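Good morning, everyone. Please have the sequence and the 3D view open while I talk.

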Amino acid sequence: MNRRIKEKIIEGFFFLNGIIVIGILVGIFVILVRNAWPAFHDVSVGDMIKWPSWNPDAYTTPTYGILPMLMSTLMVTLGSLAVAVPVGIGAAAYLSDVADPRVREIAKPIVEILAGIPSVVLGFLGIVLVGPMICKLTGRYNGLNAVNGSILLAVMALPTIISLSEDALGSVPRSYEEASMALGANKWQTVIQVKIPAAASGILAACMLGMGRAIGETMTVLMATGNAAEFPGSFLGPVKTMTATIAIELGEVAYHTTHYYMLFVVGLMLFIITFFVNLAADVFFHKHTRAR
Amino acid sequence: MKAGSSRIIEWLGFWALRACMGFVALILVIVFYDIITKGIGIISWQFLTQPPLDGMTKGGIFPALIGTLFVTIIAGLLAVPLGMGCAIHLNEYARDNGLTRFIRMSIRNLSGVPSIVYGLFGVALFVEAAHFGTSILAAGCTLGLMTLPVTITASEEALKTVPRAYREGALALGATKWQSIWGNVLPYAVPGMLTGAILGISRAAGETAPILFTGAAFFLPDIPNSVFSQFMALPYHLYIMSTQHHNIVLVRPIAYGTALVLIVLVFTLNLAAVIMRYNLRKKGIAHGQ
Amino acid sequence: MDNKIRMKAENVDFFYGRQQALKGIHLDIASNAVTAIIGPSGCGKSTFIRLLNRMHELVPNAVLTGRILLDGKDIIAPDVDAVDLRRRVGMVFQKPNPFPKSIFENVAYGLQINGMKDKGKIEERVIESLKKAALWDEVKHRLHDSALGMSGGQQQRLCIARCLAIEPEVILFDEPCASLDPISTHKVEALILELKKDYTIVIVTHNMQQAARVSDYTGFFYMGEMVEFGRTEVMFTRPRDKRTEDYITGRFG
């Protein structure tokens, strides 16, 4: 009997260990909401959307318009996906269907190593390498802009998109491939017309996860996009994303002021957006695994 | 004729795919080439063992190196045992029910939470509510939570490689569940769990956003003397040296040196994990698993 | 029956989730005898033997109704601890599953988890068990080598020794020779015949010759039901049911 109780206690201990994870997720949400809540007393949702700028330090009336940073995040994210999605799927298709095994043994670690580069290092390269390059190509004085951020975010999203898309392609049943080849299709036709469509929901899930990474990425955009609080004009102008806004301002803001609470509002929005992007990835991923 | 043109299309298509992979490889080459060639010049014993001098325009990165070491250790101390415990629950005890699925969904979602949001959470929970202040402890805990999904997933994978037969064999001899886990599962899973833990920790070592407001300091002449001290950290130092310093161009070599040390550190940890994993797999085959 | 009844299954139904794996099984298991369970694959024989020491509980969504008695007491009852039960009803698996430890440690493991601390006693019991399992002469000079370096047949006899060490009353063999060569199979069968003097034995096998060679009683399972049960020599010479006859004459399975 004693032994049974001991076993129950041990099991209970690990159970607690397991539900801590839920506690953390819920905890993050609750803390964000609690710290964001007071902001809504001071600033109405209408104003957040109506004000064309985020200017919390204004001498007379500070404004907390969130649209500029929302637009900025959207721009750099879409910009990065425009590069990362085609290149990522192409590289994944290469790894799964074209590369011979020896090349793959070398190529796969390349993807893993790329995933391991700290974001601050990429941000640094955005300043010293990508920025000057953009200046040279466009003749502008400043290379820290949305394009720069998009390029770096593409680098950050690529490993996720490549490795998960490759998994998705690899899990397409061999019989599909054989059926297509047996009908006289060549390898290229098989890859494009059979394998990629069959893996579509898995690849979509990979792209969503890559997108989630790009939206939430902080250091690279903080360092490489110029951080101007105005409404972004073009891809060649500076932008200030949601993540960069928090990163710059939370260090300087007085605790428990409207500005402080507004930064948590931004954090909450980020949390919710990435939550749904990841949820969508999850749904696509399950669709992919169930299809087999 | 038709067969000929489709062959040309195939040839072109395959080269397009190769170009995609080549582009990815090229990015990696550029990153490493630039940082190594421009960073290697400044690396010296003094650079690694001296604090920054003369308004951070000279000297080394010693306090940042030590700070990163400390904060990473704390992150590991939090994330590794918690991750192992959670994985043991999921793989050994949990039934396939709604709660378990909710736990798994939470893990996937936690791994997608932006690092800056972990930073916000760390400020509210560890810096303020727990009264850790901006400190190594607060920053370490924040990084630890961020690493948790990685250590859980890796630990669970390690548990899955232990054959069911070990568990059944022990249970059939009248071992209790815990005896079978402790004696016949964990000894074979722990090396794999630790490999995954190192991978997770290497990511924590390179992270900047979560420590921005939870304890990282611009400049401290001395190394921290308690877990409640603020600290310098390599990634934060690189950020400072490349964007916040009063003479960015002058300190550029120091920034390059810091970047080089940081990626060497991260990749040494990664390499250690990869080698450990490789050895484990080889041993696994020898065991006939 | 000539022997005393040791275990008894009464009206046992078993489900994996919604799928019924066993239907209304009644079976008597005699003391100091070998009871064989035969049948084509998927007939539920392995499922059944795992109920006898409650190994089925490792599978989620397993539902068992009916009673399984050991010495007249229901072992499925909630107040019976599966751990205690498994110390009385041992099991040898289809594939030899020694732990990746030394030969000695494998046999000693069951003693240690049962709280035996005296090193001398443990050693005594390990040697005794290895002798009973007819393995001692082959391994006495390499007790501290890894068990994984043994041949398959030796590994299986090691698993038997490991089981004997904790002195069970009933031993369940789940296709113990399925992965062994003929010579090793012969050794294990000889061992089973030797062991029935002291133990109650249940063996699941898909090999009818093996059932005929080692068992005193045989039950024929087909599609989750027990079609026929009786003394082995009777069943193999004068089966009552058409399906049994078809099976033992090799017309299916």
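Let's start with chain A, where buried residues make up 53% of the 292 residues. One caution before we go on: this is a predicted model.

Chain A has 13 helices and two strands. Its C-alpha trace spans about 80 × 75 × 35 Å along the principal axes. The accessible surface of chain A is about 12900 Å². Carbon and sulfur atoms hold 67% of that surface. Now take the contacts in chain A between residues at least 6 apart in sequence. Of these, 72% join residues at least 24 apart.

Let's zoom in on one residue. Find A:S119 in helix α6 of chain A, which covers residues 119–138. Is A:S119 buried or exposed? A:S119 is buried, because its relative accessible area is 6% and the cut-off for buried is under 20%. What does A:S119 touch, leaving aside residues up to four places away in sequence? The list is A:M156, A:E217, A:M219 and A:T220. With A:E217 there is also a polar contact between side chains, at 3.3 Å.

On to chain B. Here we have 11 helices and two strands. Follow the sequence of chain B and you read α-α-β-β-α-α-α-α-α-α-α-α-α. The C-alpha atoms of chain B fill a box of roughly 75 × 70 × 35 Å along the principal axes. Chain B has 289 residues, and 55% of them count as buried. For contacts in chain B with a separation of 6 or more, 73% come from residues 24 or more positions apart.

One residue here as well. B:S155 is in helix α6 of chain B, residues 136–160. B:S155 is buried, with a relative accessible area of 2%. Leave out residues up to four places away in sequence, and B:S155 touches B:G83, B:M84, B:A87 and B:M193. Look at B:A87 in that list. B:S155 and B:A87 are 68 residues apart along the chain. Yet their C-alpha atoms are separated by 5.8 Å.

Now put chains A and B together. How many residues of each chain are in contact with the other? There are 75 from chain A and 75 from chain B. A general point: the size of an interface is often given as the accessible area lost when the parts come together. Between chain A and chain B, the buried area is about 6500 Å². Carbon and sulfur atoms give 81% of it. Which residues of chain A lose the most area to chain B? They are A:F14, A:F124 and A:W188, together 11% of what that side buries.

What about polar links? Nine residue pairs are in polar contact between chain A and chain B, both residues at pLDDT 80 or more. Helix α1 of chain A, residues 2–36, gives the largest share of the side of chain A that touches chain B, with 19 residues. By class, that side of chain A has 52 nonpolar, 17 polar and six charged residues.

Next, salt bridges. The count between chain A and chain B is two. In one of them, A:D282 pairs with B:R108, with the closest N and O atoms 2.7 Å apart. B:R277 and A:E112 also meet in a salt bridge, at 4.0 Å from N to O. B:R277 lies in helix α11 of chain B and A:E112 in helix α5 of chain A, so this pair joins two chains. B:R277 is partly exposed at 30% relative accessibility. A:E112 is also partly exposed, at 48%.

Over all chains, the structure holds 38 salt bridges. Some of them involve chain C. C:R6 pairs with C:D71, at 2.6 Å between the closest N and O atoms. C:R6 sits in strand β1, and C:D71 in the loop between β4 and β5, 65 residues apart. C:R6 is buried, at 15% relative accessible area, whereas C:D71 is partly exposed at 41%.

A second pair in chain C is C:E175 with C:K45, at 3.7 Å. C:E175 is in the loop between β7 and α7 and C:K45 is in helix α1 of chain C, so the pair ties together parts 130 residues apart in sequence. Both C:E175 and C:K45 are buried.

Last, a network. Salt bridges link A:R3, A:R4, C:D81 and C:D84.

Technical notes. Residues are numbered from 1 along each chain as its sequence is written. Chains are lettered from A and ligands numbered from 1 in the order in which they are written. Side-chain values use heavy atoms; hydrogens and water are left out. Contact means heavy atoms within 4.5 Å. Buried area is the accessible area (1.4 Å probe) that two parts lose on being put together, summed over both. A salt bridge is a side-chain nitrogen of Lys or Arg within 4 Å of a carboxyl oxygen of Asp or Glu. A polar contact is a pair of N or O atoms within 3.5 Å; within protein, one must be able to donate a hydrogen and the other to accept it, and residues adjacent in sequence count only if both atoms are side-chain atoms. Helices (H or I, at least four residues) and strands (E, at least two) are DSSP runs, numbered from the N terminus. Ala, Val, Leu, Ile, Met, Phe, Trp, Tyr, Cys and Pro count as nonpolar, Asp, Glu, Lys and Arg as charged, and the others, Gly among them, as polar. Buried means under 20% relative accessible area, exposed over 50%, partly exposed in between (1.4 Å probe, protein chains only). Accessible areas come from the Shrake-Rupley method with a 1.4 Å probe; for residues, only the protein chains shown count as cover.
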